[in-house]
Structures are given as C-alpha cells and as structure tokens.
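User: I have a model open and want to learn how to read its features. Can you take me through it step by step?

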Amino acid sequence: MVSPTWFPLESNPDVMNRYLASLGVEAATHAFYDVYGLEPELLDMVPKPVRAVVLLYPLTRENEALVAAQKAEADGGGAFFLRQFIHNACGTVGLLHAVANNRDEMKIAGGSFLDTFFRECAPLNPAERGDYLMTSEKLDSAHDDACHEGQSTLPPIDTPLSLHFVTFVCKNGQLVQLDGRLEHPVVWGKSTDETLLSDTAAVVKKVMAANPDEQNFTVIALSKAQ
C-alpha cells in the first residue's frame, strides 16, 4: 500500500481539542492545555491530573542519538502503541497515543471513530494498527479539517518537514515515549501518574540541551478538563 501524505497538524490545544471532539472524545472529561515552560512554577500552572504529554520537537542527529540510547521495549510497559505510515500524520498518531492510553479515564462516544478504532484495533499489532489508519476516510477527513483550523499558513503538502510529535505516558511505573516512526516504545525510566509532567519535562530539558541552537519545541498536556 502506498503511504499517503497529509498536511501537518498545528501544535495548538484549541485545534487538538476540536479535533478529538470530532473523533468522539467528550470534551467535558479531558482537554489539552499549553505547557508554558519547564520550570516547577510553570508546570504547577498546568491543570492536574496530567494523563499524557505531547511534545513537538525538531528531528536532529542529536535527538535521534538520545532516543537510541534509551531502552526500547516491545510492550512499552503495556502501553497501547501504533506505527505511523502516513507522511505528516505524527500529530494525529500522537493524539491517538494520548487518548488510547487513557481511554478508561475518558468518555468516548459510542459509534464514533475512536470507539470503533479502539475496539477493532485492540487485538492488532502496532503495524496493523498503522495500516488501519491508512484505510480510514473518516480520519483522513477529520485530520484535514483540523489542519485547516490552525493559525499557521499550511505549507505545500509535499514540503519536507523536520518537526515531529511524540507522546509520553506513564505505564506500570515507567515513563514511556510513543513515537510511531519507531518499531517499539521507548522507556526513559521510572515515573508515576503524579510525576508524569515533571518527569517528561526533565527529558525535554535533555533534548533541548542537546540542541542549543534549536527553538522549535512545544509541550502540550492532556489533563482532566477544568
């Protein structure tokens, strides 16, 4: 199957929240919020509890080396994981990882895309889940709508991009990075539901320190709606 190419999703909580609502997440339960900085006083401003953290960062040689040095685990501590085969779909894959690993805490509308996706993909392996996304016209349409709601001007669809979304969750006491480009989840160390945000911030600081000339980092948290 030829991999399609999508427009890139903007790292914007309002866009992401409307996007997830269109896929079946009931907004009254959880929402995405900006993380304005990585210092404790700024992390304290983020609504709690934080269920997942989505990072947009530049793909550089230094960042790839940092990830490669961590432990890859096929089961990722039990995390729901899927591969990304659609070009520029990392934003959607990141959101799906965030919701999938917290769906017991969230309300998903019956008969929605997410309800069907989680039910039908539960027994599939990560690659099969990635293939599933390529066959969904509903997801393709919803992603395209979300991309055109952002504040940024969209580049031509075939423009090479150097920014990438990944998601961090806490699973069975581990900080797990979910990146659809990779074959397996990556484990960064121990974590708890209470320290997920600060533990992720520590990882992001390492990534930023390895790339002092890069400025394109954004962090967004999935939290219980306020």
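Analyst: Start with what counts as a strand. Strands are DSSP runs of E, at least two residues long, numbered from the N terminus. By that reading, Val169 lies in strand 4. Keep in mind that this is a predicted model.

User: How do strands make a sheet, and in what order do they sit here?

Analyst: Strands of a sheet pair through backbone hydrogen bonds, either parallel or antiparallel. In this model, 7 strands form an open sheet with antiparallel pairing, in the order 1-7-2-4-5-6-3. Strand 1 (30-35) and strand 3 (71-72) are the edge strands, each pairing on one side only.

User: Which helix packs on the sheet?

Analyst: Helix 8 does, spanning residues 196-209. Helix 8 touches strand 1, strand 2, strand 4 (163-171), strand 5 (174-178), strand 6 (186-190) and strand 7. The direction of helix 8 makes about 10° with that of strand 2.

User: How many bridges join strand 2 to strand 7, and how many join strand 2 to strand 4?

Analyst: Take strand 7 to begin with. Strand 2 (residues 50-58) and strand 7 (residues 218-224) run antiparallel and are joined by 6 bridges. Val50 stands opposite Ser223 there. Strand 2 also pairs with strand 4 over 6 bridges, again antiparallel. In that pair, Leu56 faces Phe165.

User: What joins strand 4 to strand 5?

Analyst: 5 bridges do, and the two strands run antiparallel. Lys171 has Gln174 of strand 5 as its bridge partner. The hairpin of strand 4 and strand 5 has 2 residues between the strands. Asn172 takes a positive phi near 50° in this hairpin.

User: Why does Val169 count as buried?

Analyst: Apply the cut-off: buried means under 20% relative accessible area. Val169 is at 1% relative accessibility, so Val169 counts as buried. Strand 4 as a whole is mostly covered, with 7 of its 9 residues buried.

User: What does Val169 touch?

Analyst: Leave out residues up to four places away in sequence. Val169 then touches Arg51, Ala52, Asn101, Gln174, Leu175, Val176, Leu178 and Leu196. Val187 is 18 residues from Val169 in sequence, and their C-alpha atoms are 9.9 Å apart.

User: Leu178 is on that list. Is Leu178 buried or exposed?

Analyst: Leu178 sits in strand 5. Leu178 counts as buried because its relative accessibility is 1%. Beyond four places in sequence, Leu178 touches residues including Phe80, Phe81, His97, Asn101, Val166, Val169 and Pro185.

User: What about charge? Where is Arg83 found, and what does its side chain reach?

Analyst: Arg83 is in the loop between strand 3 and helix 4 (90-100). Arg83 is buried yet has no salt bridge. Glu183, the nearest side chain of opposite charge, is 5.2 Å away. The salt-bridge cut-off is within 4 Å. The Arg83 side chain does reach the backbone oxygen of Arg181 at 3.3 Å.

User: Which residues surround Arg83 in contact terms?

Analyst: Set aside neighbours within four places in sequence. Arg83 is then in contact with Pro126, Ala127, Gly130, Gly180, Arg181, Leu182 and Glu183.

Terms used
Residues are numbered from 1 along each chain as its sequence is written. This is a predicted model: local features need pLDDT of at least 70, side-chain atom pairs count only at pLDDT 80 or more; totals for chains, interfaces and linings use all residues. Side-chain values use heavy atoms; hydrogens and water are left out. Two strands pair if DSSP finds at least two bridges between them. Helices (H or I, at least four residues) and strands (E, at least two) are DSSP runs, numbered from the N terminus. Contact means heavy atoms within 4.5 Å. Axes are lines fitted to C-alpha atoms, for helices over the stretch in contact, and angles run from 0 to 180 degrees between N-to-C directions. Buried means under 20% relative accessible area, exposed over 50%, partly exposed in between (1.4 Å probe, protein chains only). Lys and Arg count as positive and Asp and Glu as negative; His and the chain ends are not counted. A polar contact is a pair of N or O atoms within 3.5 Å; within protein, one must be able to donate a hydrogen and the other to accept it, and residues adjacent in sequence count only if both atoms are side-chain atoms.
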